[in-house]
Amino acid sequence: MVTQETLNFLFSLLHKESGLALDDSKTYLIETRLDPIARQEGFPSINDLGRHMKQHPSQPLRQKVIDAMMTNETSFFRDVKPFELLKGVVIPDLLKANEKGRRIRIWTAGCSTGQEPYTISMLLCEMGPALRQWDIGILATDIADGALARAKAGIYSQYEVQRGLPVTYLTRFFNQRKTEWEIKQEVKRLVEFRRLNLLSGFSHLGIFDVIFCRNVLIYFDADTKVRIMEQFADILSSGGVFFLGGAETPFGITGKFTRIETEKGVCYKKNTIPMQP
Ligand SMILES: C[S@@+](CC[C@H](N)C(=O)[O-])C[C@H]1O[C@@H](n2cnc3c(N)ncnc32)[C@H](O)[C@@H]1O
C-alpha cells in the first residue's frame, strides 16, 4: 500500500513540476501508473521509489514519473467541430487578415501523441492551392517525452486510425506499414514538435494566430489555469483564435477572452479591453 507520506511527496512533486493537481481520491492513479515504473527501476514498491526520489532528486527519474502520470488520451479529429470551425471559418479569415505577410502560426499546446497537430496539418494540406506561397507553421508541444517520441514518429495502430479519422484522410495521408499506419511526409513537414512544460512560461515562442490547448488545463488547479490562460491571451495575435476542450472554459477564470459561438462550434478571441473573469 502506498503510504500517506509517499502520496504527499508525489502529489507535491507533480503539482510543482507539471501542474497536475491530485488528491487522495486519485491514489489509484498513483498505484496503477507508478507501479510499473517502480518495478522497471528496480524498486520493490512505490514507497521505495518515492523515498529514493526524495533522497536523490535526479531529473531523468522525475521525468519518467511525470510522463507516466500524464493522461495522453487523444484522437484524430477529436470532437470534430473545432476542426470544422478551423477549416471553414478561422483559416479563411486568416487568409484575408494576413494577406500582406502571408504567414500563419498555429500552436497546439499539450499535443500528446500528435493526432491533434496532424489533424490540423491534414486540413491545411487539403486546402492546397489556397495556401501556396504561404508560410504556415504548426508548433506542437508537450511535457511528456514518451508521447512526443510517438508524435514525431507519426506511426499509429489500426485502433488509433479507426478513432475519428475519416477513411478518405487515411487513404490520402497515410502509408500502410503491415498492421500500422505512417503519416505522410507532406503532413509531417508542417509540424514541429518540441518539449515544453507550460509551467515554465512561453512568451519566448512569439505570437500565434491560433492556439489549441484542449483537454490539458482540466488537470490543473484554478491558480495555474489563470496564469496559463492569461499567458495564452498575451501571445495570441489581435485577430487570433483560442480553442479549448469541450469541458473547458475561460469563464470564471480570466476576462481576457470572449466566447465566439458559431454553427460550426465554439472558440475564443482575445478581448482588447479585459473584462471581469
Ligand atoms: C489529454 S491530453 C490532450 C491531447 C490533445 N490536446 C487532445 O485534446 O486530444 C493532455 C496532454 O497535456 C500534456 N500536459 C499535461 N501537463 C502539461 C504541462 N505542464 N506542460 C505541457 N504539457 C502538459 C500531457 O502530457 C498530455 O499529453
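# Briefing: domains, ligand shell and selected residues

The domain assignment divides the chain into domain 1, covering 4–69, and domain 2, covering 81–270. The model is a predicted one. Taken over C-alpha atoms, the centres of domain 1 and domain 2 are separated by 30 Å.

**Contact between the domains**

- Domain 1 contributes 7 residues to the contact, and domain 2 contributes 11 residues.
- On the side of domain 1 that touches domain 2, helix α4 (residues 59–69) gives the most, with 3 residues.
- That side of domain 1 is made up, by class, of 3 nonpolar, 3 polar and 1 charged residues.

**Ligand shell**

- There are 22 residues around the ligand, and those that come nearest are Met70, Thr74, Gly110, Ser112 and Ile143.
- Sorted by class, the shell around the ligand holds 7 nonpolar, 10 polar and 5 charged residues.

**Helix α1**

- Helix α1 spans residues 4–18, 15 residues in total, and its first and last C-alpha atoms are 21 Å apart, close to the 21 Å expected at 1.5 Å a residue.
- The buried residues in α1 are Thr6, Leu7, Leu10, Leu14 and Ser18.
- Viewed down the axis of α1, these buried residues lie within an arc of 95°, and they therefore line one face of the helix.
- The packing partners of the buried residues of α1 are α2 (27–40), α3 (46–55) and α4.
- On the face of α1 turned away from the buried side are the exposed residues Gln4, Glu5, Asn8, Ser12 and Lys16.
- Gly19 follows α1 and has a positive phi, near 90°.

- Most residues other than glycine have a negative phi.
- Val80, which is not a glycine, has a positive phi of about 55°.
- Val80 is placed in the loop between α4 and α5 (81–97).
- Val80 counts as partly exposed because it has 13 C-beta neighbours inside 10 Å, whereas a residue with 12 or fewer would be exposed.
- Ser112, also a residue other than glycine, has a positive phi near 55°.
- The loop between β1 (103–109) and α6 (115–126) contains Ser112.
- Ser112 has 25 C-beta neighbours inside 10 Å and so counts as buried.
- Ser112 is also one of the residues that come nearest to the ligand.

- Leu94 is part of helix α5.
- With 23 other C-beta atoms within 10 Å, Leu94 is buried, the threshold being 20 or more.
- Leaving aside residues up to four places away in sequence, Leu94 touches Ile104 and Asp209.
- Leu94 and Ile253 are 159 residues apart in sequence, and their C-alpha atoms are 27 Å apart in space.

- Leu199 belongs to the loop between β6 (191–195) and β7 (208–213).
- Leu199 has 16 other C-beta atoms within 10 Å and is therefore partly exposed.
- When residues up to four places away in sequence are not counted, Leu199 touches Ser18 and Gly19.
- Leu199 and Gln4 lie 195 residues apart along the chain, with 26 Å between their C-alpha atoms.

Conventions: Residues numbered from 1 in each chain as written. Predicted model: local features only at pLDDT ≥ 70, side-chain atom pairs only at ≥ 80, totals over all residues. Domains from an automatic or database assignment. Contact = placed C-beta atoms within 7 Å. Helix = DSSP H or I, 4+ residues; strand = E, 2+ residues; numbered from the N terminus. Nonpolar A, V, L, I, M, F, W, Y, C, P; charged D, E, K, R; others polar. Near = placed C-beta within 6 Å. Expected span 1.5 Å × (residues − 1). Arc of directions from axis to C-beta.
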